[in-house]
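Please walk me through this structure in the viewer, one selection at a time. I would like to know what to select next and what is there.

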Amino acid sequence: MLTKGDDYPLHQTSEPIAFAGTDRNFYDRYFFNGYSPDGSIFFAAAMGFYPQLGIVDASFCVIVGGVQHNLRASRRSRGERLELSVGPIALDIDVPLEIVTLRIAPNDGPLAAELRFTGRHFPIEEPRFVRRNGTRLFMDYTRMTQNGQWSGWLAVGGERIEAGTGWVGTRDRSWGIRPVGAREPQPPPEGNFSQFFWLWTPCNFKDSSLFFHSNDDGAGNPWNRRAAIVGDGGTERHFDAATFSADWQAGSRRIARMTADLGHGQSLTLTPIGPVFAMSGLGYTHPVWGHGLDHGAELAVAHDSLPEADRGWGNPLAMHIQALVTAELVDGNSVHRGVGVLEQLFVGPHEPTGLSGLMDPVR
């Protein structure tokens, strides 16, 4: 099967570009978030290709006035991976690894936009994520992450909002293997995973960015953890032995305050200030709009909304969240204050922070 990608010198094997190895769970995905300087507007977007499933889907979400508006779209890909559009949602790679434009065409929902992301630094490459469940490969992917500035506009219900000075955010690109599409009919003999602990904290400071993430097992041992401080347009400092602690919101699995000791005199403190963004808007853990699900031969487009009360703890659609946070970075004798997000997905136990059971709230 030949597609447009075969006219570019990007081949890694003797196969055409359309064929991505042999694992049906291969994916290739874009993610974005952004927020206004006062945090009153938060938006996020994603586009995912699933070559073996023949699906491409995309989403765009905006929180304004406490309400999260979600636009989602899905179509069959026919093997083509250079058509970066799904219904009203489109991406343009203006300058690779530096500038990307996100366009949301008018549709029968309330959202529209034309937003340009300009990177503050060269993307960082996170340690490769590899996780097995017995003999079955659960995850094996690479991800690059980049903070940047947003410009342009978005509209909600016809009300246009300009994005200008001080609008910042984060994008990532990841590709590889992780569960996508319909659930596999035969689980591993040991059963599906019932524990997943995930923290991700991209933060924007005046002249630098900070990235900390951790995937831990139930005993609290990290199977993927890294911290990095990246200066605008320049140097990277990586910290391989960072540790963290969390204070919880009572009766929930949501963090009230997180501190991380990066080592070498650097530490980070994050405090959520709202709003809380439900990642289900982008399809994560969504029962209908999960990544790679087939919605039929015709383009599918849908929109809905989640008021703040429906993004509280206990709603499965708000189990996986990003919380807007204030960030304080102590770097030697200097203290830097910024803003960022604290992404949280906690399933099962995590001994060091006191989580127990499958989804028991902290006591």
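**Before starting**

This is a predicted model, in which local features need pLDDT of at least 70 and side-chain atom pairs count only at pLDDT 80 or more, while totals for chains, interfaces and linings use all residues. Residues are numbered from 1 along each chain as its sequence is written, and side-chain values use heavy atoms, with hydrogens and water left out.

**Stop 1: the largest pocket**

Select Phe-138, Pro-179, Val-180, Arg-183 and Thr-285, which lie nearest the centre of the largest pocket among its 48 lining residues. Two or more lining residues come from each of β1 (26-35), β11 (136-156), β13 (168-177), β14 (196-200) and β24 (334-347). Strands here are DSSP runs (E, at least two residues), numbered from the N terminus. The space in this largest pocket is about 1,500 Å³. On a 1 Å grid over the protein atoms alone, a pocket is an open set of points with protein on both sides within 12 Å along at least five of seven lines; a cavity is a set where a 1.4 Å probe fits but cannot get out; and lining residues have an atom within 4 Å of a point. Grid points are joined across faces, edges and corners, and a volume is the space filled by probe spheres set on the points.

Which element gives the most to the lining of the largest pocket? Colour β11, which gives 6 residues. By class, the lining has 23 nonpolar, 16 polar and 9 charged residues. Ala, Val, Leu, Ile, Met, Phe, Trp, Tyr, Cys and Pro count as nonpolar, Asp, Glu, Lys and Arg as charged, and the others, Gly among them, as polar.

**Stop 2: the second largest pocket**

The second largest pocket has a volume of about 1,100 Å³. Select Leu-10, Asp-28, Arg-81, Arg-173 and Trp-175, the closest to its centre of the 27 residues that line it. β1, β11 and β13 each give two or more residues to this lining. Its classes are 16 nonpolar, 5 polar and 6 charged residues.

**Stop 3**

Leu-82 sits in the loop between β4 and β5 (85-86) and is partly exposed at 41%. Buried means under 20% relative accessible area, exposed over 50%, and partly exposed in between (1.4 Å probe, protein chains only).

**Stop 4: cavities**

How many cavities of 30 Å³ or more does the structure hold? There are 4. The largest cavity has about 80 Å³ of space; select some of its lining, including Arg-29, Asp-57, Trp-289 and His-295. β3 (55-64) and β4 (67-76) each give two or more residues to this lining, and β3 gives the most, with 3.

The second largest cavity has a volume of about 50 Å³. Among the residues that line it are Trp-200, Phe-211, Arg-226 and His-238.

**Stop 5: salt bridges**

A salt bridge is a side-chain nitrogen of Lys or Arg within 4 Å of a carboxyl oxygen of Asp or Glu. Asp-240 is exposed at 61%, whereas Arg-226 is partly exposed at 22%.

Next, select Arg-120 and Asp-232, a salt bridge of 2.9 Å, N to O. This pair links parts of the chain 112 residues apart. Arg-120 is buried at 9%, while Asp-232 is partly exposed at 36%.

**Stop 6: positive phi angles**

Most residues other than glycine have a negative phi. Select Leu-97, where phi is positive, about 70°. Leu-97 lies in the loop between β6 (89-95) and β7 (99-104).

Finish at His-264, with a positive phi near 60°. His-264 is in the loop between β20 (255-263) and β21 (266-278) and is exposed at 74%.

Definitions and conventions. Helix = DSSP H or I, 4+ residues; strand = E, 2+ residues; numbered from the N terminus.
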